[in-house]
Amino acid sequence: MPECTDQYIKPLTCKTNETGHLEVGGCDLVELAKEFGTPLYVIDEYTVRQICCDYKKAFSSYKNVNMMYASKALCTMATTALISSEGFGFDVVSGGEIYTVHKAGVDMSKVLFNGNNKSVDELILALDLGIGRFSVDNFFELSLLNELAKSKNKTADILLRITPGIECHTHEYIQTGHLDSKFGFDLTQTDEAVDLILSQYSNLKLHGIHAHIGSQIFETKVYHDEIDVLVKELARINSKFGLKLNQINIGGGLGVKYTEKDCPPSVYDIAGVITKSLDSAVKKYGVEPPEIFLEPGRSVISNAGVTLYTIGSSKQVPKGRLYFAVDGGMADNPRPSMYQAEYSALIANKPDNEALHNVTIAGRFCESGDILIQEIKLPEIEEGDILCVFNTGAYNFSMASNYNRVEKPAMVLVNNSQFDMIVKRESLNDLISHDVVPDRLKNNV
Ligand code: LLP
């Protein structure tokens, strides 16, 4: 395990203000909760910009780096515009993400399309908008993409997604690089794929290979191993087929610090391992230093985000737990129930009061498993208190649902005491706006 370095649980601008409330981006979180209601996602612009700068600085010693923020972590038009303004490109995985980044004004040549089952409509949208790279996942997609590109008289620029056979220690649902994964070509299949591209798929131009080993990764050695596999494979393909492929996509995966127990490497640690591993692999396999793509998602946006909830009911189980229920839960943050994810929190209206009581924070959804925080020490809690859960910028809004027919929360971007709503709260009418009742049922109600 690396030593704990510069990853923070809270947004960088988070502090207690003179009224004794928590503030982020110079904005009082209790006031934001009043203004916009709860649950409320709050994103700190400064933290996002700072982390983007850290990524750029950390990799500045390597000549040819493309930062592609993984949109799946959080994809809205405003956050896309923000991250794009830091010079990042985007990894997208659906028509919805493609459309969002396009509408946010992103130069589509800086967008890379991933996914193990891209649809015809999504591939057509990507081709029409001039997406920079397709990471092709399987034989079916090779043939389909070639066909579609041909019908449009275009050439699709591609990488081949491979399965590097590397297991990382993270939750099994978010491991992707092991041999049994649903993603990518097995290393025994890459020759056949390259052969097909060269001999039959004249509307595909191959530039290199791609792998992604998993998410919420704390080890650095797995990146060393991954790079060794990628560079070795690139060198092998080049020499076997007489090619000069020079691009590798290393994927994302850097973990973040959700609780004090977590000890992820910093962006600088990971950059050091990646660049050193590239140097040694390049020497070992006798190739030119390749152009690299990185796809960080969580580590760019997670600790910039907090979620505010209002505390409602409580229940003391005789001789057991003390539950406090909030007005959100598994629909706005499914991570605790899906991955047993743990979170840290403070009471935004009294963050510095002594944390004396062990409590459980329950969600409001109709499932026993809807527990946001199993056990946390907090001060005396009263109904109406505002709970601030940290590190919710990634994979919260993006995985939110309307379970129990509950409206999705609003999102606010804060910076320098300024706040802007960037996603509106859904209304009851939004919830029924896509419902259609057949005529024959209308008179029976
Ligand atoms: N590139 C590819 C090809 C990916 O599949 C992913 C994440 C990323 C990049 C970004 O990984 P990151 O830097 O964010 O770890 N819903 C789960 C995480 C699923 C990640 C899926 N792929 C969670 O909430 O933990």
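A search of the whole structure, a predicted model, finds eight aromatic pairs. Rings of Phe, Tyr and Trp (its six-membered ring) pair if their centres lie within 6.5 Å; planes under 30 degrees apart count as stacked, over 60 as edge-to-face and the rest as tilted. Tyr 55 and Phe 59 form a stacked pair, because their planes stand at 5° with ring centres 6.4 Å apart. Tyr 55 is buried, at 4% relative accessibility. Phe 59 is also buried, at 2% relative accessible area. Buried means under 20% relative accessible area, exposed over 50%, and partly exposed in between (1.4 Å probe, protein chains only).

Tyr 258 and Tyr 343 pair edge-to-face. Their centres are 5.1 Å apart, with 65° between the planes. Tyr 258 lies in the loop between β12 (247-249) and α9 (267-285), and Tyr 343 in the loop between α11 (335-339) and β16 (345-347), so the pair ties together parts 85 residues apart in sequence. Helices (H or I, at least four residues) and strands (E, at least two) are DSSP runs, numbered from the N terminus. Tyr 258 is buried at 3% relative accessibility. Tyr 343 is buried at 4%.

Charges also sit over rings. The charged end of Lys 118 lies over the ring of Phe 113, 5.5 Å from its centre. The charged end of Arg 364 sits over the ring of Phe 365, 5.5 Å from that ring's centre. The criterion is NZ of Lys or CZ of Arg within 6 Å of the ring centre and within 35 degrees of the ring normal.

Residues are numbered from 1 along each chain as its sequence is written, and side-chain values use heavy atoms, without hydrogens and water. Local features need pLDDT of at least 70, side-chain atom pairs count only at pLDDT 80 or more, and totals for chains, interfaces and linings use all residues.
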